[in-house]
Amino acid sequence: MALIDIRFVFLFSALFRVVLICYGEWQDAHMEVRYTDVDYLVFSDAASLMASGESPYKRSTYRYSPLLAFLLIPNSIIHPSWGKFIFSAADLLVGFFIRIILKQRKVPEDLCTYAVMVWLLNPFTFTIGTRGNCEPIVCAMMLWIIICLMKGNILQAAFWYGFVVHFRIYPIIYALPIVIVLDPHFFRSGLRPILCHWTSAQAKDSQIDSEVIDHHDMWTAFKSIFTRERIMFGLFSGSVFFLCTGLFFYLYGWEFLHEALLYHLTRTDPRHNFSIYFYYIYLHYEHEPSVLEKLISFLPQFIVQLVLISSLAKDLIFCFFVQTVAFVAFNKVITAQYFVWFFCLFPLVLPWSTMKLKWEGLSCILLWMGAQTHWLMWGYLLEFGGKNVFLQLWVASLIFMAANTFVLIMTIRHHRYSPLFKCLAKSKNSVKIE
């Protein structure tokens, strides 16, 4: 079977996104249901306020970093679709980064191409950017951080990590696995880390490496916690985060701090969404939740994160993926744009999956899409039909949660564990970082 030309894939994807943006302009002007995401209108209004020298937070429901509004200032100068082209360009950049990561791990050309296509030709992902959602920018930054770590550029990875956590708070969940993987057995001053490459008979090699790395006495493990690389990453990423946050706090005050950061930590949404908690929040929205209620909603998410990190941190990319799926599935608020957070990581774990598309893979896809469609049906009846179907919608949320959990378990069971890095002590061909 002839290989698909990757250049054609990128060219087609770029042109297709341009067509969708142009079509979106037509639909917005001629149809009742708009193609453009309502959040894009919020971004544009905030950018317009910033262009006129005012605070972007004068626009109600703008709850993002001022950097996003600054990026979209040309919306009111050049064209209202400027931001969509920026987001779509970031979408294409994600595909390019997926290819770089897989090629560095020696994944065969055909698998690299199919993995890139899983992202670029996914109907969900190409509509996100063209409708005006900013998540592709966050996805691109996260993949670039992975590339920096793979090349041993810890300071650059730290800079972008601090920046992306300021830009969008959720990547804070990746802090612990990054710190764990900055192990002295993988990273040493002046030496480039050695990547574990893809092979068809991968499972045995991975198990041997993990055994050598994981078995240390307690004293050695304790001494290796505060390594030069970990301290450097923590200090530099923290400095970037607090510098950005401090700058905008100086410019926009407590309004910025609440809307861009604190709001997302305490967010409760009474409107219907995919989360299993939405119905309880809707019924008790006027009631201030107690500490116990907050703990009950937070504890499952926290425990699942710790279990996944402790088991899979050294297989860093896969750990990021399952972390993100679990974080979204157990979150108090779930909207469709959150799915992009793990969609961008999915192509990076596909080459290490033993799951066949027929029948297990297809079953997982149909189950996940079916549960989502079932939820959307009740959501449509509630929002557009005006029917009182809150209870049915909550049951649909439970089913969607069960589907996410099942797919996550199946993905973990069919994954071939492969640490991202090899132990430097075993390698005779360590490469100096230039």
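Trainee: Is Cys 134 buried or exposed?
Mentor: Keep in mind that this is a predicted model. Residues under 20% relative accessible area count as buried. Cys 134 has a relative accessible area of 1%, so the residue is buried.

Trainee: How far is Cys 134 from the nearest cysteine sulfur?
Mentor: A disulfide needs two cysteine sulfur atoms within 2.5 Å, and a search of the whole structure finds 0 of them. Cys 134 is in no disulfide, and the nearest cysteine sulfur, that of Cys 139, sits at a distance of 9.6 Å.

Trainee: And Cys 244, buried or exposed?
Mentor: The cut-off for buried is under 20% relative accessible area. Cys 244 comes in at 14%, so call this cysteine buried.

Trainee: What span should helix α7 have, and how far apart are its end C-alpha atoms?
Mentor: α7 runs over residues 135-150, which makes 16 residues.

Trainee: How many residues of α7 are buried?
Mentor: This helix is mostly covered. After α7 comes Gly 152, with a positive phi near 80 degrees. Within α7 itself, the buried count is 15 of 16 residues.

Trainee: Where is Thr 61, the residue with a positive phi although it is not a glycine?
Mentor: Its phi is about 70 degrees. Thr 61 is partly exposed, at 42% relative accessible area. Its place is the loop between α2 (38-51) and α3 (66-71).

Trainee: Does Lys 106 count as buried or exposed?
Mentor: Lys 106 has a positive phi too, near 60 degrees, and is not a glycine. You'll find Lys 106 in the loop between α4 (82-104) and α5 (109-120). The cut-off for exposed is over 50%, and Lys 106 has 51% relative accessibility, so this lysine counts as exposed.

Trainee: Which helix gives the most to the lining of the second largest pocket?
Mentor: That pocket has a volume of about 1,200 Å³ and a lining of 36 residues, with Val 118, Phe 346, Leu 350, Gly 361 and Ile 365 nearest its centre. Helices that each supply at least two lining residues include α5, α15 (316-329) and α19 (390-413). The top contributor, with 9 residues, is α18.

Trainee: Which helix gives the most to the lining of the largest cavity?
Mentor: The structure holds 3 cavities of 30 Å³ or more, and the largest has about 60 Å³ of space. Its lining has 8 nonpolar, 3 polar and no charged residues, among them Phe 274, Phe 339 and Met 401. α15 and α19 each supply at least two of the lining residues, and the one that gives the most, with 4, is α19.

Trainee: How many charged residues are in the lining of the second largest cavity?
Mentor: This cavity has a volume of about 50 Å³, and α15 and α17 each supply at least two lining residues. Arg 105, Asp 315 and Trp 352 are among the residues that line it. By class, the lining has 5 nonpolar and 2 polar residues, and the charged ones number 2.

Notes: Residues numbered from 1 in each chain as written. Predicted model: local features only at pLDDT ≥ 70, side-chain atom pairs only at ≥ 80, totals over all residues. Heavy atoms only, no water. Buried < 20%, exposed > 50% of the residue type's maximum accessible area, 1.4 Å probe, protein only. Expected span 1.5 Å × (residues − 1). 1 Å grid on protein atoms, 1.4 Å probe; cavity = no way out; pocket = protein on both sides within 12 Å on 5 of 7 lines; lining within 4 Å. Points joined across faces, edges and corners; volume = space filled by probe spheres on them. Nonpolar A, V, L, I, M, F, W, Y, C, P; charged D, E, K, R; others polar.
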